[in-house]
Amino acid sequence: MHLNVMHLVGLLISLTLAVSVSIWAGRSVKTADDYSVGGRSAGVLMIVGSVLGIIVGGTTIAGSAQAAFVSGFSAWTFTLGLSIGLFMMTFGYIQRVRRYKVTTVPEILVLHYGKYAGVVSSVASIIGLFFSLISNMLITIYIFMLVFEIQSLYTLPLIIISLGLLMYAGGINAAGMAGLLKLFLIMISVWVAGGLAFADMGYLSGMQLLFPDPDRLTVFLGSKAEILGGVISLAVGILAAQTYAQLVFSAVSTRAAVLGVFIAACITVPIGLPCIMVGMFMSVHHPEIAPAMALPLYMLKYLPDWLGGVGIAAILLSCFGSIGGTVLGMSTIFANDIYKNLSKQADSKSLLAANRLSLMLFITLASIFSYLNMESLMFFWNYLSMNLRGSGIFFPYMFALFVSRRVKMNYGIAAMLVSTLVALGLSTVYMSMSHTLFPAMLVSLFICLIGLQRN
C-alpha cells in the first residue's frame, strides 16, 4: 500500500495538532513537580485524557486487531482486563494513595519497608514498565515502515525524534492533552472502520457463516486458569503501576481522580470491539498480511483517503501516548527514587533535567529492543510487564495501603525481590499467565503474611 496525497494530508494535520498541543502544554513546566504530576492541578477531563492516553495505546487498538486476526473474538479479554483494573482503582485505592504527598509508588514503599525497598521496587517497576513499552514500539515501527516505505532499522531515529517532540517538553500535561486528542481521532476513524467491517461481514449472522469454528466467536477462549490469569495480570498490573498512580497524584482532588478514572474505565470497556471487527475481517479477506498490520492496512484500503490518514495518525498517537505515559513513569521513578538518592545536590532543576534525559534514554533503549524482537506478539510483552509488576510489588503495596498492621520491613523487601525473580524465571519457560503470575503472587503473599504475623 502506498499513501496518496489525501492520506498524507489527514496524517500530517493530525500529527501537527498533537505536536502543537504538546508544545503548548510544556509552557507551564518549570519544575520537576510540574513535569511529573502537573503541579497536582489536573481536573476530571485531564485525568480522563491522561488515563486514556496511556491505556488506549497501540497494543489496545492495533494489538486487539492483531489478536483477533489470529484467534478471533477472544481478543476482547485484553480491554476487559484493563477496564477491570481501572474500576478497581476507584474502590478505595485512589483515596488511600492520595493520603501520601509523594510522586512515586517506591516512595510509599520506602515509608513502610525502608530505603532498600525503594531500590528493589524502583528496579522492578522500571523493568516491568520497560517491557510494556515494547508492544507499542512494535506497531509504531510497522507503521513508520508503511508510511515512509523504509526498512525497520531506519525508523528508529524517526521514532525517537517524534516521541521527543511530543513528550520532552510537556511531561504529564502533554500526555493528558494528547490523550484527549487521540480519543477524538479514534472515535472518528477506528469506530467507523469497525462499523464498516462488521457490516461488510454481514453482521452477526454473516460472521457465523464466515467463522464456522465456534472458538473464533468466543470471548473467553482457553482454560479458566488462563483466562483468569490474563485478566488478573492486567488488573493487578494497573494497580501496582507507577504510571496510573502518577495520574492519581496529579489530580486536583480525590473526587476528580475517582471520577476521571471511572469515566476512562467506562470508555475502555468497548474500545477493543471495532478493532476486533477489523482484525477478523482482514483475516478473511487478506490472510496473507502480517497480523500486526491488519488495522493500519484496513484504514488505508477501505476508508476514505483523508479518514484513512486520520486513522493512521490515531494509531500512531495511541502508540505515542501510551509510550509517553509509560516512559514518563519510568523517568519519574529514576529521577525521584534513584538519581535523587545518589546525588547530593538534587535540586528542582537538576531533577527536571534527570527526568527529561532519562526519558529520552528509555525511549532509545526500547526502540532498539523492539527492533530486535520484530516478529513477537504485542500482547505477550504487555502481559509480561503486568506479570512482573503484579508479582513483585502488588501485595507489599496493597498491605501498605490497606492493612493497619505493618509487614516487617525485611519481609516486605523479600516479598518484592523473591517474587520478581520467580516471575522472571518462570516467564523464560512459560508464556501462560497461570504458570507465571499465580505462583509468583502466592510467594509474595506467603512472605507478607509471615512478616505480618511476626511483626
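A polar contact is a pair of N or O atoms within 3.5 Å; within protein, one atom must be able to donate a hydrogen and the other to accept it, and residues adjacent in sequence count only if both atoms are side-chain atoms. This structure is a predicted model, in which local features need pLDDT of at least 70 and side-chain atom pairs count only at pLDDT 80 or more, while totals for chains, interfaces and linings use all residues. Residues are numbered from 1 along each chain as its sequence is written, and side-chain values use heavy atoms, with hydrogens and water left out.

Helices here are DSSP runs of H or I with at least four residues, numbered from the N terminus. The side chain of R98 reaches the backbone oxygen of A251 at 3.0 Å. R98 is buried at a relative accessible area of 16%, where buried means under 20% with a 1.4 Å probe and protein chains only. Contact means heavy atoms within 4.5 Å; beyond four places in sequence, R98 touches V248, F249, A251, V252, S253, T254 and A257.

Next comes P106, in helix α6 (residues 105-113). P106 counts as buried because its relative accessibility is 1%. Its C-alpha atom is 5.7 Å from that of S121, 15 residues away along the chain.

Finally, a nonpolar core is a set of buried Ala, Val, Leu, Ile, Met, Phe, Trp, Tyr and Cys residues joined through side-chain atoms within 4.5 Å. In the largest one, with 142 residues, M89, Y93 and Y397 touch the most other members. Helix α7 (residues 115-148) gives this core its largest share, 18 residues.

Technical notes: Helix = DSSP H or I, 4+ residues; strand = E, 2+ residues; numbered from the N terminus. Buried < 20%, exposed > 50% of the residue type's maximum accessible area, 1.4 Å probe, protein only.
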